[in-house]
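Then follow along, one selection at a time.

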Amino acid sequence: MNRRDYLIRKLGLALVTIFVVVIINFLLFRVLPGDPVRSVIGRNVRISADTQQALREQFGLDKPIFPDQFLDTLGQWARGNLGVSWSLRKPVNEILLSKLWNTLLLIGIGQILAILLGVTLGLIAGWKRKSAVDVGALTFSLIAWATPTFWLGIILLAAGSTWLGLPTGGIVSPANVGKPLYTVIPDVAHHLILPTLTLTILYLGEYMLIMRSSILEVLSEDYILTAKAKGMSHWQVLRKHALKNAMLPIVTLIALNLGFTVSGAIYIETVFSYDGLGKMFQIALVKQDYPLLQGAFLLLAISVIIANMLADILYTYLDPRVKAT
Amino acid sequence: MNEHWTLFKRNLQNFWGDFRGNRMGLIGAFLVLTALIAAVFAPSLSRYSPSEVIRDENGRGLTFAPPSVHAPLGTDDAGRDVWTQLIYGARISMTVGFLAGFIAMFVGSLFGITAGYFGGWVDNLLMRTTDVLLVIPDLPLMIVLVATLRQMQLKISPLTVLILVIGLLYWTSTARLIRSQVLTIKERQFVARARAIGAGHFHIIRKHILPQIMPLIVANTVLIISTAILVESGLAFLGLGDPTQPSWGTMLNFAFSRNAVTNGAWWFYLPPGLAIVWISLGCVLLGNVLEEMLNPRLTGHNLEDERHMVSIPAPGASSD
């Protein structure tokens, strides 16, 4: 399979997946009991039956669900119109966009720390197999895997706020809202410590394990033996021959992990009352705010799908073997 | 039948001989068994019922009371015994985890065997389905599914909804694993011979393929159960559990939303989380050891002095 076919396949998969997500999203919220008109005007507003009927016609709800309503909804979504939140009374797309950066900040820092630490520790663990670092790394990742994210968050929240005096939630102290950047940035950093730490611990284990098994595999290759026979030192072999190849699976993992990262963000933002997409998702769930839930799901799913596709494309540039075969 | 039985007994003895020497596996088995025992014998392990309010001499409910003789793990915000809720919660958490795990195993094996054995468009369709399912972020999907399914008033209990949603979403890794195993087995001589003497597909699958992949299915199920228990705890924490039948995740939801953290009631939020770690760690250790014993991998490398066959403990099949 050459690179063009590979790319077309990946693009096709992404499109099909987005289509599946759109269908799920449309059908699930259409089968809900209750009237979609309510989603437009808010739940608690009382209006007469005539007005409701007029609204129904205005929004095309008297037409058949398929294809009219489906295509109409699809068109709305394509234009970024995700409806109005029941609980916040604001357009869903505005709400989501305003929270997006907070979440990206949190998961961005968490992922970068986890990748740096995980790759380094995994490299040492695989190279010095059965050493203390290796046993420690394996034990750590096993326990981290078995620990529920939100519970780890709760523990760090309790420990950090009691013993270290760290803030228990939010992104910025109410007193510092609207202050100049040199006051706000240290405050935000202070608020980010615990959620980022939770996220880093959570992802660290997996990067460590993948890096470890990847470096083990690379070091079993014959060209490593050749390099060693040439009289290169271990460090030189690792740096010149092993590291680059062993890093490849990490690229795929970052992409595959995105779905996992989103789950982490939902739990961690809930525990730390961090004002991001994850917290929004949880609020939408608790308040049964279906337009918000639907919009958040659509946004999260499509971002993960696209990021996955980009990682697949990036992979073909990083790994020449994909081209050659 | 007799012959089969002797063979089975010999296999079991060999297996136990190997397993006995594996410390990780024994620890895993211990963790899983103790949790199972606590769940099964819950009523005999506590004086109280899970919803009973514990009172002091004056008849006042002991809310957020630290561990004492009356309540070994303290009490919650309503004055109920945390230990009692913990062991009754084990029943809920483990029932959901095991049933969801079995559903995932069944669906995954069915699809894996069908795809691997028949190949062609069935295989293609299956692999594309798993491709699609792998990319959709699972927690948001599950939240949306559970939330809407509940709203539809289908007259099925919230726990059943959880079991079905988890079970029907986590079969993809099993299906892929089983498929690849079936692909290699169906090329073996004994399958070709069976086919040559006119054995039907169903006969071949049942008599020749299933016995070969059964151990792998068992190991994989144990791993999926740990994923299912973790996922259930997360959904319950977000409020999607059944408040009338609290699992460990529901307990943590109560603890968190009723300010156990700000009240310093560590006895309320530590035990349920530790219990989740306990059982999921147990399942992962057990599952990994079983998988390793069936599927040893070479892990020595060229920068070492000696090379030997060792197996590495990898954590569960794809996690989230």
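**Before you click**

You're looking at a predicted model, where local features need pLDDT of at least 70, side-chain atom pairs count only at pLDDT 80 or more, and totals for chains, interfaces and linings use all residues. Residues are numbered from 1 along each chain as its sequence is written, while chains are lettered from A and ligands numbered from 1 in the order in which they are written.

**Stop 1: chain A**

Select chain A. You'll find 13 helices and zero strands; helices (H or I, at least four residues) and strands (E, at least two) are DSSP runs, numbered from the N terminus. The C-alpha trace spans about 90 × 55 × 35 Å along its principal axes. Of the 325 residues in chain A, 39% are buried. Here a residue is buried if 20 or more other C-beta atoms lie within 10 Å of its own, exposed if 12 or fewer, and partly exposed in between, with C-beta atoms placed from the backbone. Take the contacts in chain A with a separation of 6 or more: 72% are between residues 24 or more positions apart. Two residues are in contact if their C-beta atoms, placed from the backbone, lie within 7 Å.

**Stop 2: chain B**

Now switch to chain B, which has 11 helices and zero strands. Its C-alpha atoms fill a box of roughly 80 × 50 × 50 Å, taken along the principal axes. Buried residues account for 47% of the 320 residues in chain B. Among contacts in chain B between residues at least 6 apart in sequence, 71% join residues at least 24 apart.

**Stop 3: where the chains touch**

Show both chains again. Chain A puts 53 residues into the contact and chain B puts in 46 residues. On the chain A side, several helices supply at least two residues each, including α1 (3–30), α8 (181–219) and α12 (290–318). Which helix gives the largest share of the chain A side? Select α10(A): it provides nine residues. Colour the chain A side by class and you get 40 nonpolar, 11 polar and two charged residues. For these classes, Ala, Val, Leu, Ile, Met, Phe, Trp, Tyr, Cys and Pro count as nonpolar, Asp, Glu, Lys and Arg as charged, and the others, Gly among them, as polar.

**Stop 4: the core**

Next, pick A:Ala296, B:Ile143 and B:Val146. Of the 170 residues in the largest nonpolar core, these three touch the most other members. A nonpolar core is a set of buried Ala, Val, Leu, Ile, Met, Phe, Trp, Tyr and Cys residues joined through C-beta atoms within 7 Å. Helix α9 (residues 201–240) of chain B gives the most to this core, with 17 residues. Centre on B:Ile143: leaving out residues up to four places away in sequence, B:Ile143 touches A:Phe281, A:Leu285, B:Leu238 and B:Leu240.

**Stop 5: a crossing in chain A**

A:Ala296 turns up again here. Select helix α5 (residues 92–127) of chain A together with α12(A): their axes come within 10 Å and cross at roughly 50°. Axes are lines fitted to C-alpha atoms, for helices over the stretch in contact, and angles run from 0 to 180 degrees between N-to-C directions. That angle makes α5(A) oblique to α12(A); angles under 35 degrees count as roughly parallel, over 145 as roughly antiparallel, 65 to 115 as roughly perpendicular and the rest as oblique. By class, that's seven nonpolar, two polar and no charged residues.

**Stop 6: a crossing in chain B**

Hop to helix α2 (residues 23–40) and helix α11 (residues 266–294) of chain B, whose axes come within 7 Å and cross at roughly 140°. So α2(B) is oblique to α11(B). Residues making the contact include B:Gly25, B:Gly28 and B:Val32 of α2(B), and B:Trp278, B:Gly282 and B:Leu286 of α11(B). The contact residues divide into 13 nonpolar, three polar and no charged.

**Stop 7: two loop residues**

Most residues other than glycine have a negative phi. Select A:Ser273, in the loop between α10 and α11 of chain A, and you'll see a positive phi near 40°. A:Ser273 is partly exposed, with 15 other C-beta atoms within 10 Å. Finish at A:Gln288, in the loop between α11 and α12 of chain A, with a positive phi of about 50°. A:Gln288 is partly exposed, with 16 other C-beta atoms within 10 Å.
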